Amino acid sequence: MKYRIKFSKYDIMIFIGHLDMMRFFQKAFRRSGLPIAYSTGFSPHQIMSFAQPLGVGVYSDGEYFDVEFEEKVEPDLIKERLSAVMATGVDIINVRELPDDAGNAMASIAAAGYTIRLRDGHFPELSLTEHFEAFMAQPEILYEKETKRSVKELNIKDFIFEYKVMDEEIYLFLDASSAGNLNPAFVMDAYFKWMGKESQKLDFVIKRMEIYYRTDEGKLLPLEEAGVR
Amino acid sequence: MRKLALSDEILLTIDKPARYIGQEINAVSKNVSDVDIRFVMCFPDVYEIGMSHLGIQILYDRLNRYDDVWCERVYSPWMDLDEILRKEQIPLFALESQDPIRDFDFLGITLQYEMCYTNVLQILDLSGIALRAKDRRESDPIVIGGGPCSYNPEPIADFFDLFYIGEGEEGYRALLDLYKECKAAGLKRVDFLKKAAKLAGIYCPMFYEAHYNEDGTLKEFVCLEEGLPERIEKTLIKDLNEVSYPKNPIVPYMRVTQDRVVLEIQRGCIRGCRFCQAGMLYRPVRERSVDYLMDYATTMLDATGHEEISLSSLSSSDYSHLPELMDRLIDECTKRHVNISLPSLRIDAFSLDVMNKVQDVKKSSLTFAPEAGSQRMRNVINKGLTVDDIMGGAKMAFSGGWNKVKLYFMLGLPFETDEDAVAIAELADQIARLYYETVPKEERTGKVQITASSSFFIPKPFTPLQWAPMGTKEDFLHKADVVKSAVLAQLNKKSIRYMYHEADVSVLEGVFARGDRRLSDVIEKAYKKGCFYDAWGEYYHHDVWLSCFEECGLDVDFYTTRVRKEDELFPWDFISCGVTKAFLLREWKNAAKNQVTPNCSMACSGCGAACYGTGEYCPK
């Protein structure tokens with residue numbers, strides 16, 4: 001029996017890294033008493049897989065992981081029992097039962113949506129949104145992406161599926177597939193460089209809004225839609 | 001949502017922000033307006049270390065059970081945050097409320113090892129509390145120390161208002177009541193301290209004075225206030241089944257050293273190893289019942305979600321109901337997919353059987369702590385482990401599939417010769433040979449791996465070896481060299497890895513362990529020159545420390561290598577842990593004669609700890 005769990009991260013939880021978040025949920029399941037399935041062997045571990053790591057400092061309204069249970073439990077009851085053992089800054093948004101043939105959360109990711117604003121007190125004179133359309137209107141947006149071994153120049157425009165300019169906030173709909181995952185901080189870095197300004201990661205407050213998968217028909221849908229309500 | 005003491009900018013700049021945000025699972029939150037006393041417990045080292053300490057969890061739980069008290073926590077900020085706090089003048093804060101430490105009523109500091117002394121000053125300094133008790137303001141928290149190092153509190157006596165000597169579960173209530181009473185009556189700080197100094201287990205250093213002889217030894221230790229005790233008796237819980245234990249320990253968000261449920265099965269130790277301070281301080285042995293332990297084990301596993309449980313005691317094999325406890329624990333933990341970790345088990349048929357059930361043999365290693373290489377030296381230190389015990393255990397283990405062995409030794413023990421050092425290498429080789437004799441070629445899974453490590457012996461107060469001169473750094477390194485070359489001369493040298501501890505820091509630990517009040521000047525000076533986190537090799541500045549001793553006109557050797565006379569008055573003699581100085585001296589003489597003393601379960605040797613009217617093996 002497989003379930004997909006959607007949760008949010010805010011308040012103090014943004015300071016907890018990905019590995020610690022996984023450990024947090026492992027312990028939470030033990031506290032909840034829910035019949036999570038274990039692998040076999042000498043150090044059995046819970047069968048749980050996370051969609052995508054979220055950087056420290058980033059907020060989210062759309063984090064996911066899949067779990068396997070030993071027996072069927074009503075999704076509402078899972079939500080209730082799990083919510084009872086959560087902490088400040090992490091809420092269970094919903095729980096969906098997955099069909100047996102559903103791909104795992106990690107492998108099916110295609111895109112993610114983010115909102116970005118300036119952190120209070122950072123660039124107080126600047127409008128974040130004023131020049132963004134002009135920035136996006138360039139035929140290509142070259143960005144030097146540093147990997148462990150090399151520096152690669154990419155046209156990141158190819159990985160920005162959509163954007164929206166709102167009230168001092170930018171929405172970015174970005175490629176999140178294993179082949180083309182684009183970090184929203186890179187887009188901001190490129191944008192500020194284009195404006196001739198030096199920015200740091202700390203200047204922005206980023207929130208992941210949702211993670212999407214691609215259906216067989218090629219449609220992008222929130223990960224939760226793969227599950228049964 | 002609680003406001004954090006640190007801005008997001010700071011938290012996202014420093015390493016491991018989870019150290020400073022509090023609000024962990026099971027952390028206790030109360031309304032400030034609902035309580036009379038705000039207490040903050042401190043472990044003066046980094047969060048990961050401090051959070052792993054059982055004592056704080058016990059006291060945290062205990063104090064928070066009182067409706068009128070809110071007990072919070074604080075740990076040493078790591079170097080990166082330390083710098084920011086100083087630069088931006090942010091006062092050190094407690095994790096739960098994120099309020100400044102200086103606004104609390106009590107700051108309790110547990111003293112688990114001597115090398116944390118400068119970290120105590122860091123905590124006080126960052127909190128904006130005067131370093132010396134005599135300079136504190138009326139509004140400053142009462143700074144109270146506890147833990148093993150408080151049994152010789154003299155080197156840091158000037159920095160503390162009070163020390164709590166002994167097991168704190170029950171005694172704190174009287175102190176808290178007195179505090180409330182004094183506060184209500186509008187008494188001054190010093191008057192509260194005077195009254196507190198009369199309570200059981202409480203030592204208030206400012207009312208005592210040390211006078212010295214011309215040779216630097218202690219001449220007398222005098223009480224300056226009438227009506228205060230000349231001698232401070234430790235407090236002790238008579239029946240561990242009658243005292244509470246944490247039901248819902250805090251679960252940290254980040255990985256900490258002890259990331260598991262810890263079940264304290266007993267206190268005290270029957271063994272009487274002559275170097276071991278814990279073995280004397282916590283006498284007599286008191287066990288918890290299996291029912292009590294199972295009840296707490298299941299409750300704690302439910303409340304924390306930890307995937308591992310560990311038994312805690314000085315020597316778990318000596319717990320008299322171990323087979324029953326293990327049976328029931330294995331049953332319970334298998335159901336829950338919980339691992340059991342078993343430190344401090346003697347290797348024998350029973351423990352191997354248990355380990356077989358709870359561990360992956362291929363991955364785990366056997367641990368022996370012979371402490372000394374030769375039988376003669378093991379007799380000197382009264383370590384009742386013979387070559388036959390080690391060989392017998394190792395043989396069974398090798399047959400059972402184990403092929404990794406860890407051996408722990410001490411170097412620089414009193415009466416030790418080079419031959420005793422060579423014996424360490426020989427013992428390691430003997431175990432390696434046993435492996436090849438025991439396990440036929442076709443059944444071997446690679447080479448046997450033997451890791452021998454040695455630390456340098458540091459004489460500690462309240463042990464029979466408190467009279468022993470400590471080795472010099474040169475002695476230590478010479479002995480380590482002897483072991484190293486002896487290992488290379490062994491047949492199985494390729495299967496043996498030898499490691500030894502840093503010698504410089506051992507010397508300093510030796511100074512503080514048996515130090516006196518004059519050392520507070522050295523500690524303060526070193527701190528002001530930038531020494532803290534001394535327990536962390538990379539931040540230990542030996543040359544700075546040496547210059548501080550020189551500037552204070554104190555001699556390192558006086559505290560370490562000096563031969564102490566049998567009738568010397570020690571700085572810690574005014575404290576009683578039950579074990580008498582006469583017993584310790586008798587044991588020191590037995591050590592010189594290579595003579596062993598039976599453990600408590602074999603015969604009572606009259607150490608004095610029977611005075612508490614409890615103890616599994618004490619004469620009634």
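Q: Contact means heavy atoms within 4.5 Å, so which residues does B:R62 touch, not counting residues up to four places away in sequence?

A: B:R62 touches B:E169, B:E170, B:V243 and B:S244. Keep in mind that this is a predicted model, with local features needing pLDDT of at least 70 and side-chain atom pairs pLDDT 80 or more, while totals for chains, interfaces and linings use all residues. Residues are numbered from 1 along each chain as its sequence is written, chains are lettered from A and ligands numbered from 1 in the order written, and side-chain values use heavy atoms, without hydrogens and water.

Q: Is B:R62 buried or exposed, and what is the nearest side chain of opposite charge?

A: Buried means under 20% relative accessible area (1.4 Å probe, protein chains only), and B:R62 is buried. A salt bridge puts a Lys or Arg side-chain nitrogen within 4 Å of an Asp or Glu carboxyl oxygen. Still, the backbone oxygen of B:E169 lies 3.0 Å from a polar atom of the B:R62 side chain.

Q: How many salt bridges cross between chain B and chain A?

A: The rule finds five across that interface. In A:K27 with B:D259, the closest N and O atoms are 3.5 Å apart.

Q: How many residues does each chain bring to the contact?

A: Chain B brings 35 residues and chain A 27. In chain B, B:L12, B:Y253 and B:H337 lose the most area to chain A, together 27% of what that side buries.

Q: How much area is buried between the chains?

A: Buried area is the accessible area (1.4 Å probe) two parts lose on being put together, summed over both. Here that's about 2600 Å², with 59% from carbon and sulfur atoms.

Conventions: Buried means under 20% relative accessible area, exposed over 50%, partly exposed in between (1.4 Å probe, protein chains only). Lys and Arg count as positive and Asp and Glu as negative; His and the chain ends are not counted. A polar contact is a pair of N or O atoms within 3.5 Å; within protein, one must be able to donate a hydrogen and the other to accept it, and residues adjacent in sequence count only if both atoms are side-chain atoms. Contact means heavy atoms within 4.5 Å.
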